Amino acid sequence: MLSAVSRTAFRRTAARSVGAVRFLNVHEYQSMELLEHYGVKVPKAFVASNPEEAENIFQHNLNKVGEPVKDCVIKAQVLSGGRGLGTFKNGFKGGVHFVTKPGQAREYAEKMLGQELVTKQAPNGIICNKVLLMERLYMRREMYLSIMMDRASQGPLMVGSPAGGTSIEDVAKSNPEVIFTEPIDITEGIQDDQCERMATNLGLEPGSESWKKGITLMKNLYALFEGADCTQVEINPLAETPEGEVIVSDAKINFDSNAEYRQKHIFEKRDYSQEDPREVDASKYDLNYIGLDGNIGCMVNGAGLAMSTMDIIQLKGGSPANFLDVGGGANETQVQKAFEILNADKNVQAILVNIFGGIMRCDVIASGIINAAKEIGIQKPIVIRLQGTNVEEAKTMIEGCGFKMILAEDLEDAATKAVGVAEIASQAAKIQVGVKFEGFQL
């Protein structure tokens, strides 16, 4: 069971999933607001958009004139894990700091706001537009608690550990015996005995006030999970204070995008500045696009075929620049937009179009590509493999369009040609020699 959990339950959303299902991710301060709405105890915290606002919060919201100064924590609000160990592109280290005296909140906010934070999960950097100032918690115990949709148990799974405050993936590898799980029957909901067992496994003293508060927190957490159509609610750490309170210290919540129609107030919180602009642009046209770090752009219909295309590119020694599924019902406008996104990517050296025309007609794909070529021009070599509905019409259109494109007989042939032209273009770029493909007689 534990090996299944380590493979599925602890697969973090930061490692981008490929496919049509996407999950909304919101900032920490937004997660805290939702948790508080569902009766989950959270620390006193305020969000700031500029240095002066941050300083004002520290001095007047988290402290009172004439009283001893209370420490707080200032956190960069970026959609990435590992903020504390990250480095801003201006050289400032750490996206999480203690504020212990007047002036520090302003100083830290000046170094964070408007800067890009580089983390293991966001190696290219991600912009910080807000900071969260939170009262400092003194913890007797740091625990881990989450509820997530689990493929293995085919429903919600509550996961907990007394070893919180660190990477739960690392704990699962080094000490799997301290990871505890409770599969939840979604028709019955979370049960008292499950919460009691988990509270005990987290290290809370059975029968104590902390234990009872932990049980109540779990029930409220599940109410949020179910009521807000979450795919994951992760608390790390969950803190027990010396006063016996059980408080959420940090939280990450993901939501099922299929539930947007009934969770509009939550989906309005989406922060597009934290996302790849290419993915945002593609989503406006209902295209499933995920940027990668290779140099061969892919446009395919169907998630399975897209994955296979990416695999064979790697097998042939190349590297895909993206996952792009135009779907089975794409129109010419969507196809044209998909081509424009690939053509505009500076990392793309060649474009591979792989279409199996079942529901999707090959002539629609061809028409979209040709229209895009007419409007923006062809700047990169295109390899096209078409099979299925109206394939002959599509080939005739491509051959007579006036633009040079490489037609491939099958997927292996297409991948070989795409990798070949991409390598030529890549080597030419390295030695700063211009290269022009004419005729494409490969």
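Predicted model: local features only at pLDDT ≥ 70, side-chain atom pairs only at ≥ 80, totals over all residues.
Student: Which residues of α2 are the buried ones?

Tutor: They are Glu 28, Tyr 29, Gln 30, Ser 31, Met 32, Leu 34 and Leu 35.

Student: What comes just after α2?

Tutor: Gly 39 sits there, with a positive phi of about 85 degrees.

Student: Next, Ser 249. Where is that?

Tutor: Ser 249 is in the loop that runs between β13 (246-248) and β14 (251-256).

Student: And is Ser 249 buried or exposed?

Tutor: Its relative accessible area is 9%, and the cut-off for buried is under 20%, so Ser 249 is buried.

Student: What is Ser 249 in contact with?

Tutor: Setting aside neighbours within four places in sequence, Ser 249 contacts Glu 28, Met 32, Lys 75, Met 134, Leu 137, Met 139 and Pro 237. Glu 28 and Met 32 are among the buried residues of α2.

Student: How far is Ser 249 from Ser 146?

Tutor: In sequence they are 103 residues apart, and in space they are 13 Å apart, C-alpha to C-alpha.

Student: There's also a glycine I wanted to check, Gly 164. Where is its place?

Tutor: Gly 164 is in the loop between β10 (155-161) and α5 (168-174). Gly 164 has 15% relative accessibility and therefore counts as buried.

Student: What does Gly 164 touch?

Tutor: Apart from residues up to four places away in sequence, it touches Glu 142, Met 143, Tyr 144 and Asn 236. Thr 87, by comparison, is 77 residues away from Gly 164 in sequence and 24 Å away in space, C-alpha to C-alpha.

Student: Changing topic: how many aromatic pairs are there?

Tutor: Searching the whole structure gives 3 aromatic pairs. One of them is Tyr 222 with Phe 225, a stacked pair at 6.1 Å centre to centre, with 25 degrees between the planes.

Student: Why are Tyr 222 and Phe 225 separated by about one helical turn?

Tutor: Because they are 3 residues apart in helix α7, which spans residues 209-227. Tyr 222 and Phe 225 are also both buried.

Student: Which other rings are linked by pairs?

Tutor: Phe 88, Phe 92 and Tyr 108 are joined into a cluster by ring pairs. As for a charge over a ring, Arg 136 lies over the face of Phe 98, 4.0 Å from the ring centre.

Student: Last topic, helix packing. What describes two packed helices?

Tutor: The angle between their axes and the distance between the axes.

Student: OK, what angle do α11 and α12 make?

Tutor: Helix α11 (residues 332-344) and helix α12 (residues 362-376) pack at about 50 degrees, and their axes are 8 Å apart. The two are therefore oblique to each other, and their crossing is right-handed.

Student: Which residues meet there?

Tutor: From α11, they include Val 335, Phe 339 and Asn 343, and from α12, they include Ile 365, Gly 368 and Ala 372.

Student: And how do α12 and α13 pack?

Tutor: Helix α13 (residues 391-399) packs with α12 at an angle of about 20 degrees, with the axes 7 Å apart. α12 and α13 are therefore roughly parallel to each other, and α12 passes α13 in a right-handed crossing. Cys 362, Asp 363, Ala 366, Ser 367 and Ile 370 in α12 meet Val 391, Ala 394, Met 397 and Ile 398 in α13.

How values were computed
Residues numbered from 1 in each chain as written. Heavy atoms only, no water. Phe/Tyr/Trp six-rings, centres within 6.5 Å; stacked < 30°, edge-to-face > 60°. Helix = DSSP H or I, 4+ residues; strand = E, 2+ residues; numbered from the N terminus. Buried < 20%, exposed > 50% of the residue type's maximum accessible area, 1.4 Å probe, protein only. Lys NZ or Arg CZ within 6 Å of the ring centre and 35° of its normal. Contact = heavy atoms within 4.5 Å. Axes fitted to C-alpha atoms, helices over the stretch in contact; angles between N-to-C directions. Parallel < 35°, antiparallel > 145°, perpendicular 65-115°, else oblique. Left-handed = near helix turned anticlockwise from the far one by under 90°.
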